[in-house]
Amino acid sequence: VSQRISTLGTIHIRVGEGLLLLGTAHMRCKEYHEALKVFKSATLIFRSMYGDMHLGLARALNKLGLAASHLYATLTDSIAFEALHESFTIRLEKLGPNHTDTIDSLNNIAGLNLRMKNYNAACKAYHEVYFRRQLIFGKRHPSVAITAHYLGEVYMKLAQLNCAKKYYTRAMDLYQRLELRDKNQSIQRLLHDISALECAGSERKVTF
């Protein structure tokens, strides 16, 4: 990146692309503060070059929002919320509701709302992701199973145990159809969540 800046200047598409790659490397190393700084710089470049409704800006904003959402602080939660919503708005306008990038942004918004304990907002967003992913990928796609699992988790937080059971069951059915091994991390997490549901629902007779 430094070499590109010295050759091309600070405001150049190749510098922006290089910063996105650098930020992604920081994310993989769980260096979220460093990633956030880099993605902020990339976002400024894309916005300066292309304006406020470009897909390149949407990509940078999505990455910025994800980095901020990993820092678990009030200020960065606000940054994450604004960045992810702006990314979603651009992608929805340019790509439509059934494009994978649009759904990716919405899924990230759902995840942020879940972490921030905005459970009703998370539920609404995950339902839309669940519906759209079935349209795009079909009803037996792994991403549909993952979304069903998250919907079950949200309904657990909302104490709507029958709905949680419905989506946990759906997730388990899909995982089994995908022939995932019992030691698979997704299976293990789902089994843990089902166990928690059974404990919570023992007095209400919510069983599997």
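Reader: A crossing is left-handed if the near helix is turned anticlockwise from the far one by less than a right angle, and right-handed if clockwise. Is the crossing of α2 and α3 left-handed or right-handed?

Author: In this predicted model, α2 and α3 cross in a left-handed manner.

Reader: At what angle do helix α2 and helix α3 pack?

Author: Helix α2, residues 13–28, packs against helix α3, residues 32–50, at an angle of about 160 degrees. Their axes are 8 Å apart. Angles over 145 degrees count as roughly antiparallel, so α2 is roughly antiparallel to α3.

Reader: Which residues make the contact?

Author: On the α2 side, they include I13, V15, L19, L20 and M27. On the α3 side, Y32, V38, F39, I45 and Y50 are among them.

Reader: Now α5 and α6, please. How do their axes cross?

Author: The axes of helix α5 (residues 74–95) and helix α6 (residues 100–115) cross at roughly 155 degrees and come within 8 Å. These two helices are therefore roughly antiparallel to each other. The crossing of α5 past α6 is left-handed.

Reader: And which residues are in that contact?

Author: From α5, the residues include D77, F81, H85, F88 and R91. From α6, they include D101, L106, I109, L112 and R115.

Reader: Changing topic: how many disulfides does the structure hold?

Author: The structure holds zero disulfides.

Reader: Is C199 buried or exposed? And C29?

Author: Residues over 50% relative accessible area count as exposed. C199 is exposed, because its relative accessible area is 59%. C29 is exposed as well, with a value of 51%.

Reader: What about D193: buried or exposed?

Author: D193, in helix α10 (residues 185–200), has a relative accessibility of 12% and so counts as buried.

Reader: Which residues is D193 in contact with?

Author: Neighbours within four places in sequence aside, D193 is in contact with H149 and Y168.

Reader: Last one. What is the mean pLDDT of the chain, and which element has the lowest?

Author: The protein chain has a mean pLDDT of 93, and 97% of its residues reach 70 or more. Among its elements, helix α1 (residues 2–8) has the lowest mean, 82, while helix α7 (residues 119–137) has the highest, 98.

Definitions and conventions. Residues are numbered from 1 along each chain as its sequence is written. This is a predicted model: local features need pLDDT of at least 70, side-chain atom pairs count only at pLDDT 80 or more; totals for chains, interfaces and linings use all residues. Side-chain values use heavy atoms; hydrogens and water are left out. A disulfide is a pair of cysteine sulfur atoms within 2.5 Å. Buried means under 20% relative accessible area, exposed over 50%, partly exposed in between (1.4 Å probe, protein chains only). pLDDT is the predictor's confidence in each residue, from 0 to 100. Helices (H or I, at least four residues) and strands (E, at least two) are DSSP runs, numbered from the N terminus. Axes are lines fitted to C-alpha atoms, for helices over the stretch in contact, and angles run from 0 to 180 degrees between N-to-C directions. Angles under 35 degrees count as roughly parallel, over 145 as roughly antiparallel, 65 to 115 as roughly perpendicular and the rest as oblique. Contact means heavy atoms within 4.5 Å.
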